[in-house]
Amino acid sequence: MTEPVEFTLDGRPLSAVAGQSVAAALIDAGVRSWRTTRLRGRPRGVFCGIGVCFDCLITADGRTGVRACLLPVAEGMTLVSETSDSETSDSGAGGDD
Amino acid sequence: MTDRFDLAVVGAGPAGLAAAVTAAEQGLRVGLVDAAARPGGQYWRHPAESVSQRDGHGTRTFRDLRRRLRALRDRGVLTYLPDRQVWFVERDEDGHVLRFTGTTTAAGGVLRSRALVLCPGGYDRQLPVPGWDLPGVMAAGGVQALLKGNRTLAGRRAVIAGTGPFLLPVATALADAGVEVVAVCEANHVTGWARNPLGAMAVPTKAVEALGYAAALLRHRVPYRMRTAVTAIHGTEEVEAVTLSAVDAEGRVITDRGRVEVDLVALGWGFTPSLELVTAVGADTRKDVDGSLVACVDEWQRASAPGVYVAGEATGVGGAELAVAEGELAGLTAASDLGGRRPARRVRELPVRGLRVGGLRVGRLRAAIRRRRAFATAMHLAHPVPAAWPDWLTPETTVCRCEEVTAGEVCRARDDLGAVDVRTVKLLARPGMGWCQGRICGYATAVLAAAGSGDQPSADDLRSLAHRSICAPVSLAELADSHPDSPPPDHQP
């Protein structure tokens with residue numbers, strides 16, 4: 001077995017298995033939602049699990065709007081939930097029309 | 001800036017791996033771009049350390065392709081670019097220019113090639129249902145991805161619902177891992193995949209596979225309930241329970257089968273391919289037998305756009321074995337069309353690993369593709385999306401998860417504001433305008449929009465939804481960098 005990976009979510013220390021995605025690490029830690037929606041403030045976690053739906057967006061080491069289901073968890077990683085009042089992202093060029 | 005790859009392959013799942021490896025072995029210089037960190041796609045997903053000890057279905061094929069991929073990289077004829085998503089593709093005088101962005105941490109860049117094989121794969125098709133936006137409700141493929149790729153259990157007590165054979169491996173994998181699976185709810189009545197005997201008999205291994213899953217469900221005492229659907233999901237901060245309903249052949253609710261407490265709901269209504277790159281290069285598309293938009297290809301995997309080949313789910317959802325055969329054929333065709341390094345005239349005459357077996361190889365691939373396509377068609381016909389699913393919605397049900405557009409708002413745009421097609425519905429009510437660009441709600445929105453005139457969505461409706469001028473979300477900094485005056489780093493062969 002490899003050494004556990006230590007990381008934090010909103011300052012709370014958690015640990016994961018090396019090689020896991022951030023989403024998997026959070027679910028294993030009992031966290032099922034880490035974002036609230038812009039309009040209704042509803043909780044969201046992982047839905048599609050493969051990078052298609054963008055429900056699982058999280059701020060990782062200062063980078064906003066990262067898909068937690070695709071990002072590998074890393075030692076010392078600082079994760080911050082994206083709540084409706086904190087959500088700021090420069091990655092807004094995806095919308096069509 | 002003139003140096004370019006002979007062939008760019010987008011996607012390193014079963015089709016893309018087979019295409020890239022085959023083409024490189026034929027002497028082409030290949031660039032392989034993939035969104036994931038590791039090769040294998042959704043089907044051959046595996047944890048970082050190794051492929052799971054238990055040899056899964058088709059694992060031998062994957063190991064063989066991965067071994068060849070490494071060998072070709074070592075020889076310097078194949079460049080593998082993982083963790084990168086293509087967000088823009090355009091033609092230039094010598095072929096194609098692909099602009100990609102890092103999926104997670106990789107830097108963006110540009111890849112130029114003479115020809116292009118698109119193997120974008122697909123994802124679970126979804127239908128909205130009241131409460132499906134609660135945490136703990138997931139795509140069946142996502143539940144499987146957490147388990148296969150991370151050994152993570154998405155819940156302790158699960159219900160698997162939707163339609164199609166994929167519900168079975170998800171249910172058995174969860175049950176094997178210790179999750180209590182309270183039911184597999186199959187909306188259709190399936191008398192075995194042999195309903196269309198021609199299709200099912202064409203791929204006998206599939207019948208054996210189905211028996212294996214059935215045995216596993218029995219062993220774990222997981223009930224397989226046909227003509228049953230999850231018609232509502234309950235909870236406040238996360239899923240707490242579901243309502244199961246007995247439905248008729250069209251999906252209309254006959255009787256309420258009661259409320260079942262669960263902490264995980266896995267939903268899947270078959271798969272739908274990612275078509276944005278196919279439409280971006282201007283290749284012809286059509287509506288497949290399962291209602292999904294797919295690429296038109298000829299018997300050599302050529303798309304209608306010059307220098308473009310398509311293989312795998314994007315030509316019609318049909319599974320990994322079909323994808324591998326199509327990918328291999330696409331690789332051979334591309335090598336033949338481009339002439340490779342050798343003066344090849346036709347695929348039939350290409351030397352393969354030093355032997356003149358090209359004709360045999362192509363014949364074998366063609367036969368495999370025909371057989372597996374027939375099976376896929378039979379499977380789609382046995383597992384249609386039940387037409388009456390919109391009856392399950394309430395006006396408050398979220399349809400578009402990104403922009404939080406409700407069923408009521410979509411129907412108002414259609415009925416009160418006079419939107420006659422899905423494009424207008426999209427403009428008025430904004431479903432499909434968020435982060436995922438309609439990948440999750442597109443099908444449902446198209447069905448709801450078309451229902452105003454009592455129709456199913458047309459191929460044109462699906463096309464207007466599949467078109468995305470920017471194929472993956474990209475930062476404004478990268479957009480600025482893509483200006484001709486400030487070229488991003490080139491990836492050269």
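## Close-up views of a two-chain model

**View 1. Strand E6(B) and its partners.** In this view, E6(B) and strand E22 (residues 490-491) of chain B run parallel and are joined by 2 bridges. Everything shown here is a predicted model, in which local features need pLDDT of at least 70, side-chain atom pairs count only at pLDDT 80 or more, and totals for chains, interfaces and linings use all residues; side-chain values use heavy atoms, leaving out hydrogens and water. Residues are numbered from 1 along each chain as its sequence is written, while chains are lettered from A and ligands numbered from 1 in the order in which they are written. Helices (H or I, at least four residues) and strands (E, at least two) are DSSP runs, numbered from the N terminus. Two strands pair if DSSP finds at least two bridges between them. To find the link to E22(B), look for B:Val110, whose bridge partner there is B:Asp490.

E6(B) spans residues 109-118 and is mostly covered, with 9 of its 10 residues buried (buried means under 20% relative accessible area, exposed over 50%, and partly exposed in between, with a 1.4 Å probe and protein chains only). Strand E1 (residues 5-10) of chain B runs parallel to E6(B), with 5 bridges joining them; here B:Val9 has B:Val117 as its bridge partner. Strand E19 (residues 308-310) of chain B is also parallel to E6(B), through 3 bridges, and B:Leu118 is partnered with B:Val310.

View 2. Which way do strand E5 (residues 95-102) of chain B and E6(B) run, parallel or antiparallel? They are antiparallel, and 5 bridges hold the pairing. A hairpin of 6 residues leads from E5(B) to E6(B).

**View 3. An open sheet of 3 strands in chain B.** The strands follow the order E12-E13-E14, with antiparallel pairing. At the edges sit strand E12 (228-235) and strand E14 (253-261), each of which pairs on one side only. From one strand to the next, the twist averages 25 degrees. Strand E13 (residues 239-247) is joined to E14(B) by 6 bridges, and B:Val242 finds its bridge partner in B:Val260.

**View 4. Helices H3(B) and H4(B) where they cross.** The axes of helix H3 (residues 140-150) and helix H4 (residues 167-176), both of chain B, come within 10 Å and cross at roughly 40 degrees (axes are lines fitted to C-alpha atoms, for helices over the stretch in contact, and angles run from 0 to 180 degrees between N-to-C directions). That angle makes H3(B) oblique to H4(B); angles under 35 degrees count as roughly parallel, over 145 as roughly antiparallel, 65 to 115 as roughly perpendicular and the rest as oblique. The crossing of H3(B) and H4(B) is left-handed, meaning that the near helix is turned anticlockwise from the far one by less than a right angle, whereas clockwise would be right-handed.

On the H3(B) side the contact is made by B:Ala140, B:Val143, B:Gln144 and B:Leu147, and on the H4(B) side by B:Pro169, B:Val170, B:Ala173 and B:Leu174 (contact means heavy atoms within 4.5 Å). These contact residues divide into 7 nonpolar, 1 polar and no charged, where Ala, Val, Leu, Ile, Met, Phe, Trp, Tyr, Cys and Pro count as nonpolar, Asp, Glu, Lys and Arg as charged, and the others, Gly among them, as polar.

View 5. Because 8 of its 10 residues are buried, H4(B) is largely enclosed by the rest of the structure. Among the buried residues are B:Leu167, B:Leu168 and B:Thr172. Just after H4(B), look for B:Gly178, which takes a positive phi of about 100 degrees.

View 6. A:Asp55 lies in the loop between strand E4 (43-44) and strand E5 (57-60) of chain A. Leaving aside residues up to four places away in sequence, A:Asp55 touches A:Arg35, A:Arg44, A:Gly45, A:Phe47 and B:Arg401.

B:Thr445 belongs to helix H12 (residues 442-451) of chain B. Beyond residues up to four places away in sequence, B:Thr445 touches B:Val399, B:Val422, B:Val425 and B:Pro431.
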